[in-house]
Amino acid sequence: MDAPWECIEAKSRGSFRVFDLRELVCRSPRTGQPHSFYVLDSQDWVNVIPVTRDRQIVCIRQWRPGTQQIELEVPGGLVDAGESPMDAAARELREESGYTASALTHLGTMAPNPAILSNQCHFFAAFDACLSHKQELDAGEAISVVLVDQDEVPTLIQTGVIRSGIIVAALCYFMMFQQTE
């Protein structure tokens, strides 16, 4: 049954640093019965794939509390209020890695997890990225920069070295973009 559910009530369940928790009570189009769902409302996110002139992808390594491990990722973060996704991508690239690029290319936008998240994630490529600044890390960040040969990315994904779903999606968008160029 492809009919949308009728949402009959929304309740705030808490506000936290990077998201708000909302309970939705929605009526099933199949049974007519109400069911509670929980949604995390957050600003949109960005991830940027910075590529140097010698085909190195600028990656970052940082500890993630969800896995309690250091993960290999690409720069990214929240889009600030009033900021465009492209401006957020350029800012996050500079802050987290110290790299900049003269132009960014939008690769695509996806819903990270529509079952529980209301936001979108925007993916960008930054070609001819070069080191131009010192990192500008937030107090809660400890990030090291790692250059990865572009041709190694599929193996890093297949072997679980890169394992964040959002980062894998960003790199897939990037690889699809490369195939069309």
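I looked up His122 and count it as buried, because its relative accessibility is 9% and buried means under 20% relative accessible area with a 1.4 Å probe, protein chains only. This is a predicted model, where local features need pLDDT of at least 70, side-chain atom pairs count only at pLDDT 80 or more, and totals for chains, interfaces and linings use all residues. Residues are numbered from 1 along each chain as its sequence is written, and side-chain values use heavy atoms, without hydrogens and water.

His122 sits in strand E10 (strands are DSSP E runs of at least two residues, helices H or I runs of at least four, numbered from the N terminus). I checked its contacts (heavy atoms within 4.5 Å). Beyond neighbours within four places in sequence, they include Trp45, Pro85 and His106.

Next, the cores (buried Ala, Val, Leu, Ile, Met, Phe, Trp, Tyr and Cys joined through side-chain atoms within 4.5 Å). The largest has 21 residues, and Ile49, Ile57, Val74, Phe123, Leu171 and Phe174 have the most contacts inside it. Strand E10 (121-127) and helix H3 (165-180) are among the elements that each supply at least two of its residues. H3 gives the most, with six. I then took Val74: leaving aside neighbours within four places in sequence, it touches Ile49, Ile57, Ile167 and Leu171, among others. A second, separate core of twelve residues includes Ala88, Leu104, Phe124 and Ala126.

Last, I noted that helix H1 gives the most to the lining of the largest pocket, with four residues (lining residues have an atom within 4 Å of a point; a pocket is an open set of points on a 1 Å grid over the protein atoms alone where a 1.4 Å probe fits, with protein on both sides within 12 Å along at least five of seven lines).

Technical notes: Buried means under 20% relative accessible area, exposed over 50%, partly exposed in between (1.4 Å probe, protein chains only).
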